[in-house]
Amino acid sequence: MALINEANKLFVKGCSIINDCATMKPYLMGPKISMLDIFLRHSLAIPTMVGPKLANFHPMEAIQGLDQWQIAMAKVTSR
């Protein structure tokens, strides 16, 4: 349980940093896709799958604009 609590703190801190720095218009840092978008997409895979089950945490709810960002990223990867 201590590990889950520590992971939850890190999830919250990481999402707060993203909210402070990102524009999500439509990509993480503005109108052009960057390596940060690709990194974030891969970084969110595990928290998105495991977070709601173990730590009652979901990045989709914690990161502002993430739902629209994922739509923009899906368009890029479906080309």
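A disulfide is a pair of cysteine sulfur atoms within 2.5 Å. In this predicted model, a search of the whole structure returns 0 disulfides. Cys-15 takes part in no disulfide, and its nearest cysteine sulfur, that of Cys-21, lies 12 Å away. The sulfur of Cys-21 likewise has its closest cysteine sulfur in Cys-15, and at 12 Å the two are too far apart for a bond. Cys-15 counts as buried because its relative accessibility is 7%, under the 20% cut-off.

The overall fold is helical. The protein contains 5 helices and 0 strands. Read from the N terminus, the order of elements is α-α-α-α-α. The radius of gyration is 13 Å; a compact globule of 79 residues would have a value near 12 Å, so the two agree. The C-alpha trace spans about 40 × 25 × 20 Å along its principal axes. Among contacts between residues at least 6 apart in sequence, 57% join residues at least 24 apart. The accessible surface comes to about 5600 Å², and carbon and sulfur atoms account for 64% of that area. Of the 79 residues, 24% are buried.

In soluble globular proteins, nonpolar side chains tend to be buried together. Here, the largest nonpolar core holds 13 residues. Met-24, Leu-28, Leu-40, Leu-44, Ile-63, Leu-66 and Trp-69 touch the most other members. Helix H5 (residues 66-77) supplies the largest share of this core, with 4 residues.

Leu-44 sits in the loop between helix H2 (35-43) and H3. Leu-44 counts as buried because its relative accessibility is 8%. With residues up to four places away in sequence set aside, Leu-44 touches Pro-59, Ile-63, Leu-66 and Trp-69. Of these partners, Ile-63, Leu-66 and Trp-69 are also among the core residues that touch the most other members. Leu-44 and Asn-8 are separated by 36 residues in sequence and by 14 Å in space, C-alpha to C-alpha.

Pro-47 belongs to helix H3 (residues 45-54). A relative accessibility of 10% is why Pro-47 counts as buried. Neighbours within four places in sequence aside, Pro-47 contacts Phe-11, Pro-52, Phe-57 and Pro-59. Pro-47 and His-58 are 11 residues apart in sequence, and their C-alpha atoms are 7.1 Å apart in space.

How values were computed. Residues are numbered from 1 along each chain as its sequence is written. This is a predicted model: local features need pLDDT of at least 70, side-chain atom pairs count only at pLDDT 80 or more; totals for chains, interfaces and linings use all residues. Side-chain values use heavy atoms; hydrogens and water are left out. A nonpolar core is a set of buried Ala, Val, Leu, Ile, Met, Phe, Trp, Tyr and Cys residues joined through side-chain atoms within 4.5 Å. Buried means under 20% relative accessible area, exposed over 50%, partly exposed in between (1.4 Å probe, protein chains only). Helices (H or I, at least four residues) and strands (E, at least two) are DSSP runs, numbered from the N terminus. Contact means heavy atoms within 4.5 Å. The radius of gyration is taken over C-alpha atoms; the globule rule is 2.2 Å times the number of residues to the power 0.38. Accessible areas come from the Shrake-Rupley method with a 1.4 Å probe; for residues, only the protein chains shown count as cover.
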